[in-house]
Amino acid sequence: MSEKRYKTGDAICKEFKTQPEGLSDQDALQRRKQYGYNELKSKEKVSALRVLANQFKNLILYVLIAAAIVSVYEGELIAFYVIAGVIVIVVALGFVQEYQAERVMASLKSLVKTDNTVRRSGKLRSIHRKDIVPGDVVVLDTGDTVPADAIVIEATQLRLDESALTGESVPVEHRVGEDLFAGTFVVHGKGVCVVAATGMNTKLGSIASSLSEGSTETPLQKNVTHLTKSLALVALFGSAATFAFGLWQGALFDEILLVALALAVASVPEGLPLALTITLAHGMKRMAKHNAVVRKLVSVETLGSTTVVCTDKTGTLTKNEMTVERMLVGDVVYEVTGSGYAPTGDFLSQGQLIEAEENKLLKQLLTSGILCNNATLVQSDNKWSIIGDPTEAALLVAAGKANIWKEDVNEQYERVEELVFTSERKRMTVVARNKKSSTTDAYVKGAPEVMLQLAHTRMTRDGIKPLTDADRDRITRIQEEFANSAYRVLALGYKEAVTDLNAESLEQELVFLGLVAMIDPPREETLDAIAEAKSAGVDVKMVTGDNKDTARAIAKKVGLLGEHEPVTEFSDAKLQHIVHDHVVTGTELDTIDDDTFATVVDYIDVYARVRPEQKLRIINALKRKGHIVAMTGDGVNDAPALRQADIGVAMGIKGTDVAKNASAMVLQDDNFATIISAIRIGRVLYDNIEKLGVYLISRNFTEIILIFLGMLTFGVHFLPLLAIHILYINLFSEIVPSLGLGLDKNVEDVMKRGPRDSKERLLNRKNKILIAIGASTMALVAYLAFVLHQPMQTLEEAQTFAFATITAMVLFIPFAYRNIHRAGAQKNSTPNGILIGGVIFSGLLTLMVMYTPTLQSVFRVIPLSPTEWIVPVGLALTAFAIISLLKRLVLR
């Protein structure tokens with residue numbers, strides 16, 4: 001990340017027309033007017049009005065509005081009020097859910113310190129980050145965030161965590177003349193820098209500005225748009241044809257217009273927008289309970305159709321908490337259990353538990369690791385965190401597992417001198433005086449190859465022994481084994497009774513204590529989550545800035561790299577190597593053109609040393625292959641790919657604001673396993689949408705077929721159903737049972753199926769057949785009830801029996817649609833209380849319509865005796881039996 005362009009701090013100050021003492025207040029004010037505030041230009045805040053306007057993108061709403069207008073024209077005020085009520089409910093529900101999601105997103109903004117210390121007119125001041133201007137001299141300490149792009153003019157052991165930009169989990173050392181970037185933060189040491197660029201002119205700003213504000217439609221949006229257009233065309237064509245046919249037959253204009261309205265109402269599933277909105281809102285709430293905040297209602301479903309999840313390594317698959325796992329002390333290799341910053345775990349040797357406090361050699365090495373250390377381990381609200389370098393913090397955690405604490409060690413030892421770690425020296429030394437014995441010793445940690453050169457002896461069970469060439473070879477061999485397993489390896493040593501504090505003297509003839517191997521460990525739940533994703537046919541691909549060996553080792557640990565089918569279709573040796581290795585670096589990716597990359601992208605599981613712009617190439621190549629891509633990430637470097645992916649998933653705790661704003665969903669617990677929960681919920685959600693859609697549309701076509709049969713048989717004056725009947729059936733009688741289908745619980749096999757084809761329509765071939773079977777069966781049965789009661793003589797009675805038969809079907813037919821994916825009974829199918837309650841509610845509501853005098857006149861029905869109900873209920877049961885049988889045959 002860093003580029004050195006200047007030799008001295010004075011040259012840097014001169015370049016930016018400032019002084020080491022900082023700008024004057026007048027200069028700072030003038031530069032703020034010139035360059036503006038140091039803040040990123042965020043996209044326009046989503047207003048309540050815009051969220052409200054988004055709800056009117058549903059075409060069915062406009063069909064309903066048209067039907068409401070015609071109802072007023074025809075004097076059907078009850079129909080108008082019912083349709084208007086549905087419009088209001090659908091719009092209100094969608095508005096409330098999306099607006100609440102935006103407010104949740106606003107609350108996720110980090111509550112981090114927003115002030116920085118600067119020099120102004122020779123004095124130190126704490127000012128708000130946005131008030132910093134180019135030329136300001138910023139003073140940095142451990143824990144500070146770099147407020148803008150800057151250049152170092154003073155540095156003391158200055159190391160920064162740049163993972164938000166690079167994905168690298170290892171801190172980077174910076175010296176005078178090197179660049180610092182906004183959004184990174186100091187984990188060790190101190191520094192002073194001159195601000196070079198602020199706001200949108202920073203590297204952070206350039207990434208933020210590259211994000212396209214446009215968004216692509218999710219598969220569900222495309223499906224619903226196609227469905228609503230199709231249904232609107234059916235309504236328009238059917239109504240127009242009926243209107244023309246009626247006029248040709250000599251019907252009065254007002255009468256045939258009313259019939260056309262009835263058909264339009266029958267063609268449009270008025271309950272679908274309401275049921276769909278409630279179903280999506282329920283899915284949204286279920287995901288929120290699983291710590292996944294969805295920003296857009298229609299995005300809830302998208303994860304259910306995901307075929308590939310591209311995930312960062314650091315902090316997503318792993319904890320982003322360096323952890324000591326292996327140690328070589330004396331001649332013994334110890335295993336250290338536990339992961340993360342919580343100091344809980346054990347020390348094992350060949351599987352046997354070791355009492356670390358009673359092991360003199362182990363205790364000496366861990367104490368040395370505490371003394372040669374500048375990090376701090378902090379416990380707050382039963383949670384452990386660190387201040388300082390993660391590598392040094394890992395040493396403190398390992399010591400804590402042996403009940404050796406920095407606070408206790410500091411009481412016994414007084415620091416005398418420190419020789420800082422540099423990339424040239426590759427070691428750090430601390431001189432400390434033992435207050436009890438009054439001896440002064442030097443404690444050193446550094447790269448193993450360097451420490452082996454500096455050490456002349458080694459600590460063993462039998463005391464200090466000479467460090468022979470054979471010892472060096474054995475230690476080197478163990479160190480290489482650790483490194484090949486992606487561990488970062490440090491060596492520790494010490495020197496007793498030092499008197500000369502000169503570096504050359506201090507760091508010579510050391511006693512070698514041992515090796516410490518540490519790693520950023522995978523989350524405990526990651527392995528199971530990836531295994532479940534694979535069983536669901538979802539590929540997980542790691543995209544990281546870490547080196548190839550580290551990335552490969554972590555991938556193997558979490559189950560990303562396993563046994564693969566041999567690939568022989570690529571003649572090019574380089575491509576053949578890539579597809580067999582399944583790991584590729586950013587450098588290798590640069591040598592492959594887009595077309596070639598698209599042919600091998602399915603074979604690559606791990607991308608290492610990847611730059612931000614390459615993440616976009618990966619996303620685009622996968623989308624070219626027809627994949628629905630979810631991208632997880634937390635850093636600024638992830639934001640463009642988060643925006644470009646079908647659904648971007650940002651981390652809520654460690655994620656930057658830029659990443660969150662670019663995402664469609666935010667994980668509040670930063671847990672990769674939450675992604676799999678969201679995929680499961682998304683799949684169940686789509687299943688439910690499919691079920692309620694097939695059910696509602698089949699019911700609508702039942703009414704269309706029934707009206708056409710009546711019109712063709714008896715003419716336009718003897719229709720089986722009135723417009724008010726259709727509105728009641730569509731909006732009241734069916735809405736609660738359809739919600740029962742929409743809110744159905746999980747099923748056993750939802751994560752054992754492959755992902756749904758994103759190009760597949762909601763009304764696929766199977767569903768169209770099921771709709772045709774259901775609609776024709778229900779229409780013929782209702783038509784039979786209508787015909788049996790002689791509509792030419794007793795029209796109102798015949799219409800009542802047709803109405804009663806269709807409403808009675810609500811008691812049975814929804815259960816036939818609960819499973820539309822398998823021929824047999826659904827495994828582990830739990831009772832659906834909402835569906836059962838909805839059926840009972842609909843039945844009681846129909847009885848109220850039939851037996852309340854006021855409603856009888858409104859709906860133009862006559863009350864039926866208990867024995868007369870045998871016909872509609874019997875016919876409804878017959879329809880249920882026929883549909884269930886035919887559905888079973890179709891699914892087989």
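**Reading helices, burial and salt bridges**

Biologist: Which residues of helix α27 are buried?

Modeller: They are A723, I724, H725, I726, L727, Y728, I729, N730, L731 and S733. Buried means under 20% relative accessible area, exposed means over 50%, and partly exposed is in between (1.4 Å probe, protein chains only).

Biologist: What am I looking at, and how is it numbered?

Modeller: This is a predicted model, where local features need pLDDT of at least 70, side-chain atom pairs count only at pLDDT 80 or more, and totals for chains, interfaces and linings use all residues. Residues are numbered from 1 along each chain as its sequence is written, and side-chain values use heavy atoms, without hydrogens and water.

Biologist: What covers the buried residues of helix α20?

Modeller: Begin with the helix itself. Helices (H or I, at least four residues) and strands (E, at least two) are DSSP runs, numbered from the N terminus. Helix α20 covers residues 573-581, and its buried residues are L575, Q576, I578, V579 and D581. Their cover includes helix α19 (548-558), β24 (583-585) and α22 (594-600).

Biologist: How many salt bridges does the whole structure hold?

Modeller: Side chains of opposite charge can pair when their charged atoms come close. For a salt bridge, a side-chain nitrogen of Lys or Arg is within 4 Å of a carboxyl oxygen of Asp or Glu. A search of the whole structure finds 30. One of them joins the side chains of R119 and E154, at 3.6 Å from N to O. R119 is in strand β1 (residues 115-120) and E154 in strand β4 (residues 149-161), so the bridge ties together parts 35 residues apart in sequence. R119 is buried at 19% relative accessibility, whereas E154 is partly exposed at 36%.

Biologist: Which parts of the chain does the bridge between E325 and K557 link?

Modeller: The side chains of E325 and K557 meet at 3.3 Å, N to O. This pair links distant parts: E325 in strand β10 (residues 323-329) and K557 in helix α19, 232 residues apart. E325 is buried at 15% relative accessible area. K557 is partly exposed at 36%.

Biologist: Where do R680 and E532 lie?

Modeller: R680 is in helix α26 (residues 672-714) and E532 in helix α18 (residues 526-535), 148 residues apart. Their side chains form a salt bridge at 2.6 Å, N to O. E532 is partly exposed, with 24% relative accessibility.

Biologist: Which residues are linked in a network of salt bridges?

Modeller: K548, D549, R552, D581 and E588 are linked in this way. Recall that D581 and E588 are among the residues K548 touches.

Terms used. Contact means heavy atoms within 4.5 Å. Lists of a residue's contacts leave out its neighbours within four places in sequence.
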